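Reader: I would like to learn how to read the features of a model like this one. Where do we begin?

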Amino acid sequence: MSETVTEWSGQHAHRLTTLDPRAPLTDLLPVADIVRDAQVVAVGAATRGAHELSALSHRLVRLLVGELGFRSLALEGDDASRLGLDEYIRTGTGDPRMMLSEARSFWQTEEILDVIRWMRSFNRLHPDDPVRFAGAARSPQGGTPLDGLAGIERSWRG
């Protein structure tokens, strides 16, 4: 007997209590149980630039980094290193709002700026265990950015 999508959703869904990125993450704990043993977690969105999805993604980043120990973030679109965003979150050098003005339009939002500022704040508090943008690592041979998923995976393995 097959379940309908509605029945399955009713049995497995967990209610979110807020979209506030600064709120406690207790309503996201069921997600933590699902991804706890994962090495890579992908967060997708049905549309770019929607406030609600961006705010939820920020909360998920907080959960993954702050509670589950993930330290690499990859965003669809531009190369964060090229824009200087990885440098900013590591050192505080530069103006992230100006950097985002050079990015694709769907990165030019207050929600993305909030995530980047949160990442910088996390790194100030955890200088020995920083979060980075994936793909920002350089190839040891030529000093060029690593390309594609395989290059990113190699950089994660060290």
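Author: With a pair in one helix. This is a predicted model. Tryptophan 118 and phenylalanine 122 are 4 residues apart in helix 7, so about one helical turn separates them.

Reader: How many aromatic pairs does the count give?

Author: The count comes to 1 aromatic pair. In that pair, the ring centres of tryptophan 118 and phenylalanine 122 lie 5.5 Å apart and the planes meet at 35°, so the pair is tilted. Stacked would need planes under 30 degrees apart, and edge-to-face over 60.

Reader: Are tryptophan 118 and phenylalanine 122 buried or exposed?

Author: Both tryptophan 118 and phenylalanine 122 are buried.

Reader: What about histidine 58: buried or exposed?

Author: Read the relative accessible area. For histidine 58 the value is 3%, and buried means under 20%, so this residue is buried. Histidine 58 sits in helix 3.

Reader: Which residues is histidine 58 in contact with, leaving aside neighbours within four places in sequence?

Author: Histidine 58 is in contact with Pro21, Glu111, Asp114, Val115 and Trp118.

Reader: Now the nonpolar cores. What is the general idea?

Author: In soluble globular proteins, nonpolar side chains tend to be buried together. Here the largest nonpolar core has 22 residues. Leu85, Leu100, Trp107, Ile116, Met119 and Phe133 touch the most other members.

Reader: Which elements give two or more residues to this core?

Author: They are helix 3, helix 4 (80-83), helix 5 (85-91), helix 6 (96-100) and helix 7. Helix 7 gives the most, with 7 residues. Apart from this core lies another, of 9 residues, among them Ala32, Val35, Leu64 and Phe70.

Reader: Last, the pocket. What volume does the largest pocket have?

Author: About 1,000 Å³. Its lining holds 36 residues, and Val43, Leu73, Ala74, Leu75 and Glu76 lie nearest the centre.

Reader: Which elements give two or more residues to the lining of the largest pocket?

Author: Helix 3 (51-67), strand 1 (72-73), helix 7 (110-125) and helix 8 (148-157). The largest share, 8 residues, comes from helix 3.

Reader: How do the residues of the lining divide?

Author: Into 23 nonpolar, 9 polar and 4 charged.

Note on methods
Residues numbered from 1 in each chain as written. Predicted model: local features only at pLDDT ≥ 70, side-chain atom pairs only at ≥ 80, totals over all residues. Heavy atoms only, no water. 1 Å grid on protein atoms, 1.4 Å probe; cavity = no way out; pocket = protein on both sides within 12 Å on 5 of 7 lines; lining within 4 Å. Points joined across faces, edges and corners; volume = space filled by probe spheres on them. Nonpolar A, V, L, I, M, F, W, Y, C, P; charged D, E, K, R; others polar. Phe/Tyr/Trp six-rings, centres within 6.5 Å; stacked < 30°, edge-to-face > 60°. Buried < 20%, exposed > 50% of the residue type's maximum accessible area, 1.4 Å probe, protein only. Core = buried A, V, L, I, M, F, W, Y, C linked by side-chain atoms within 4.5 Å. Contact = heavy atoms within 4.5 Å.
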